[in-house]
Every structure is written in structure tokens, then in C-alpha cells.
Amino acid sequence: MMKKYGVDFSEIAGQAQVAYDENGSLRWWNISCTINITAIVFSQYSLIAYCTVRMCIEMEAKIQLLSESLRTLHRQFFKTLVLQIVTPTVTLFFPISVIIYLPLFNMEIDVPTGILLCAFTLYPAMDAIIVMYVVKDYRMAIRS
């Protein structure tokens, strides 16, 4: 980049989202991507919430037919599922949302996105830790 454009790579932004033009009005074409992302994420989370509530209601009715130990195991797996839905929200979607929506506030700040991007690497480990912590049989096996 130095050779071709005369610009040092370490001095330019890794991602640039320009929400406003020089007159201060919104660049609707640029904002349409943010609107599309919002619509997709909202529809995904609406579907997840609907399925979770529906599964919880139907599971409680059908779980009564099982033995006590199987009921406990099913409830543990349900808690695991809920936590596995919340974990990517906190470690993946929240940091991305901060990066995507920050330009809309028209603030001239330099966000250390490296810290936010580090949250991406936490997700795979946290996903496995949730299962090992919530399911009692796994937890007991780890302790022994």
C-alpha cells in the first residue's frame, strides 16, 4: 500500500462505515446494509424466542411421562440450550452490533476493535463449558 498509494497500512481504518455525507444528511444506500442486518438478526432472534417458548411449554406437558431422572436430564439439556443461545449473543452479536451501529451516532472516536473481536474467540470454549457445567453427569465426571 505504501508503494502503490503512499499510505501506511497501520494508519488507515480496517473498516469504514460512512453514515453521513459532507452536508450531514444520511447516506441511505450505506445505511441500507445496517437496516438489512438489523432485519435479519431480528427475524432470527424472533424465531429463536418463539421456538424456545413453544418448546418449553410442550416439553413440560410431555416430560411428565418420563421418570424423575430423565426429567432432570431433559431440564438440564433445556437449560444448556438456552445458555447456548445466549452465549453467542453476548460474545458474537453484541460486539458486532457495537461496531455496526457506532457510525450512526456520528462520533469521531477510535474504537479498539481488537478487544471486541477477542470475544469471538471465547465462544467455542464457552459453548463446551456450558454443557460441562450444566449437565450434572458431565460435571461429576470432570470433578472425579
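Reader: What share of the 144 residues of the protein chain counts as buried?
Author: A word on the model first: it is predicted, local features need pLDDT of at least 70, side-chain atom pairs count only at pLDDT 80 or more, and totals for chains, interfaces and linings use all residues. Residues are numbered from 1 along each chain as its sequence is written, and side-chain values use heavy atoms, with hydrogens and water left out. Buried means under 20% relative accessible area, exposed means over 50%, and partly exposed is in between (1.4 Å probe, protein chains only). Of the 144 residues in the protein chain, the buried share is 14%.

Reader: How many helices does the protein chain have?
Author: Helices (H or I, at least four residues) and strands (E, at least two) are DSSP runs, numbered from the N terminus. Starting at that end, the elements run α-α-α-α-α. There are zero strands, and the number of helices is five.

Reader: Which residues does UniProt list as "transmembrane region"?
Author: The UniProt positions are given in the numbering used here, with shortened feature names, and annotations may be inferred rather than shown by experiment. In the model, residues 28-53 are 100% helix and 0% strand, with end C-alpha atoms 36 Å apart. Residues 81-102 are 95% helix and 0% strand, and their end C-alpha atoms lie 31 Å apart. The unreviewed UniProt entry gives 28-53, 81-102 and 114-135.

Reader: How far apart in space are Ile48 and Val82?
Author: Ile48 sits in helix H2 and is partly exposed, its relative accessible area being 32%. In sequence, Ile48 and Val82 are 34 residues apart, while from C-alpha to C-alpha the distance is 9.7 Å.

Reader: How many salt bridges does a search of the whole structure find?
Author: A salt bridge here is a side-chain nitrogen of Lys or Arg within 4 Å of a carboxyl oxygen of Asp or Glu. One of them joins the side chains of Arg54 and Glu58, at 2.7 Å from N to O. Those two both lie in helix H2 (residues 28-63), four residues apart, or about one turn of the helix. Searching the whole structure, the count is four.

Reader: Are Arg54 and Glu58 buried or partly exposed?
Author: Arg54 has 43% relative accessibility. For Glu58, the relative accessible area is 34%. Both residues therefore count as partly exposed.

Reader: Which residue forms a salt bridge with Arg75?
Author: The closest N and O atoms of Arg75 and its partner Glu60 are 3.5 Å apart. Arg75 is partly exposed at 30%, and Glu60 is partly exposed at 32%. The partner is Glu60.

Reader: Why does Arg71 count as buried?
Author: Arg71 is placed in helix H3 (residues 68-101). Contact means heavy atoms within 4.5 Å, and, leaving aside neighbours within four places in sequence, Arg71 is in contact with Ile63, Gln64 and Leu66. Arg71 counts as buried because its relative accessibility is 19%.

Reader: Which residue forms a salt bridge with Arg71?
Author: A polar atom of the Arg71 side chain also lies 3.2 Å from the backbone oxygen of Leu66. In the salt bridge, the closest N and O atoms are 3.3 Å apart, between Arg71 and Glu68. These two are three residues apart in helix H3, which means a separation of about one helical turn.

Reader: Which helix gives the largest share of the nonpolar patch?
Author: Patches are made of residues with over 30% relative accessible area and no salt bridge, joining like charges within 9 Å and nonpolar side chains (Val, Leu, Ile, Met, Phe, Trp, Tyr) within 5 Å. This surface patch consists of Phe77, Ile129, Met132, Tyr133, Tyr138 and Ile142, together with about 640 Å² of accessible area. Helix H4 (113-134) and helix H5 (136-143) are the elements that give two or more residues. The largest share, three residues, comes from H4.

Methods. A polar contact is a pair of N or O atoms within 3.5 Å; within protein, one must be able to donate a hydrogen and the other to accept it, and residues adjacent in sequence count only if both atoms are side-chain atoms. Accessible areas come from the Shrake-Rupley method with a 1.4 Å probe; for residues, only the protein chains shown count as cover.
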